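Keep the sequence and the 3D view open while reading.

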Amino acid sequence: ATDATSAPNATGDIAVPDGVDLGDSASIDYTQLPVLLDALYERYDPDAAVRPASLAVSTAAWSRLRYDGLLSDKRKHAVSVDEQRHERNAAFDMLDVLTRSGGMVVEHVQLHVVVAATHQFDDTVTDTVVKRNKNAIELAERTALLVAAAVHSREPRSLVRGGATSSRVETYSAPTLMKHDGALAM
């Protein structure tokens, strides 16, 4: 954990921990996102309720729908592990050719990144609400606000609509985050 602080940011950008460089808005290093999330959780989640999660993708039961010819019907094919490897390599080779080995910029492209985490309660949700007198929705809302702040590189305050919603979140879910002026320190 780092204690790096930064001056208030006029654009409302979130500060990142020392040693983490997400890059500029045109090229973001998403491999650094888990480091940023961990720093935010450690500093702003007093319950330490967020845990990393692993996603396992089965390679055994993949299938693809493909047209064998221009006028043929769509057919379903099973894809073995070796075929998956071959198809992935073929896709990367095609991307390499289309971008001239990275020398040409590809615009209007979507990249989907999945960072898995789980919000765990020490007790059951019922015990959290009844015995500990804590609103489970507020706890999960604070976690969602931390994730959104990291993903969008924005201050949590700028991500919440004003008025009653902002007042409720500031009072119950994330008072530390919402009352903070300037960039979040980590």
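Is V115 buried, partly exposed or exposed? V115 counts as partly exposed, because its relative accessibility is 37%. Here buried means under 20% relative accessible area, exposed means over 50%, and partly exposed lies in between (1.4 Å probe, protein chains only).

This is a predicted model, in which local features need pLDDT of at least 70 and side-chain atom pairs count only at pLDDT 80 or more, while totals for chains, interfaces and linings use all residues. Residues are numbered from 1 along each chain as its sequence is written, and side-chain values use heavy atoms, with hydrogens and water left out.

## Overall layout

The protein chain has seven helices and four strands. Along the sequence they run α-β-β-β-α-β-α-α-α-α-α. Helices (H or I, at least four residues) and strands (E, at least two) are DSSP runs, numbered from the N terminus. Of the 186 residues in the protein chain, 24% are buried.

## Around V115

V115 sits in the loop between α2 (81-98) and β4 (117-119). A nonpolar surface patch is formed by V115 with I28, Y30, L111 and V113. Together these residues have about 440 Å² of accessible area. Accessible areas come from the Shrake-Rupley method with a 1.4 Å probe; for residues, only the protein chains shown count as cover. Patches are made of residues with over 30% relative accessible area and no salt bridge; like charges are joined within 9 Å, and nonpolar side chains (Val, Leu, Ile, Met, Phe, Trp, Tyr) within 5 Å.

L33 belongs to helix α1 (residues 33-44). L33 counts as buried because its relative accessibility is 8%. The C-alpha atoms of L33 and V115 are separated by 8.2 Å, although the two residues are 82 residues apart along the chain.

## The β2-β3 hairpin

Strands β2 (residues 62-67) and β3 (residues 74-79) pair in the antiparallel sense, over six bridges. Two strands pair if DSSP finds at least two bridges between them. β2 and β3 form a hairpin, with six residues between them. W62 stands opposite V79 in β3. Y67 has K74 in β3 as its bridge partner.

α2 has 18 residues. From first C-alpha to last, α2 reaches 26 Å, close to the 26 Å expected at 1.5 Å a residue. The expected span of a helix is 1.5 Å times one less than its number of residues. After α2 comes R100, with a positive phi near 55°.

How far apart are the end C-alpha atoms of helix α4? They are 24 Å apart, which agrees with the 24 Å that its 17 residues (136-152) should span at 1.5 Å a residue. At the start of α4, a side-chain oxygen of N135 comes to within 2.9 Å of the backbone nitrogen of I137. S153 follows α4, and its phi is positive, near 50°. Buried residues in α4 include A136, E138, L139, R142, T143, L145, L146, A149 and A150.

## A salt-bridge network

Side chains of opposite charge can pair when their charged atoms come close. A salt bridge is a side-chain nitrogen of Lys or Arg within 4 Å of a carboxyl oxygen of Asp or Glu. By this rule the count comes to eight salt bridges. Three of them are tabulated here.

| Salt bridge | N to O distance |
|---|---|
| D45 and R142 | 2.9 Å |
| R142 and D47 | 3.0 Å |
| D47 and K134 | 3.6 Å |

Salt bridges that share partners join D45, D47, K134 and R142 into one network.

The side chains of D45 and R142 meet in a salt bridge. This pair links D45, in the loop between α1 and β1 (50-52), to R142 in helix α4, 97 residues apart. Both D45 and R142 are buried. R142 has a relative accessible area of 9%.

R142 also meets D47 in a salt bridge. R142 lies in helix α4 and D47 in the loop between α1 and β1, so this pair ties together parts that are 95 residues apart in sequence.

D47 forms a salt bridge with K134 as well. That pair links the loop between α1 and β1 to the loop between α3 (125-130) and α4, where K134 lies, 87 residues apart. D47 counts as partly exposed because its relative accessibility is 22%. K134 counts as partly exposed at 30%.

Key
Polar contact = N/O pair within 3.5 Å; in protein donor to acceptor, adjacent residues only side chain to side chain.
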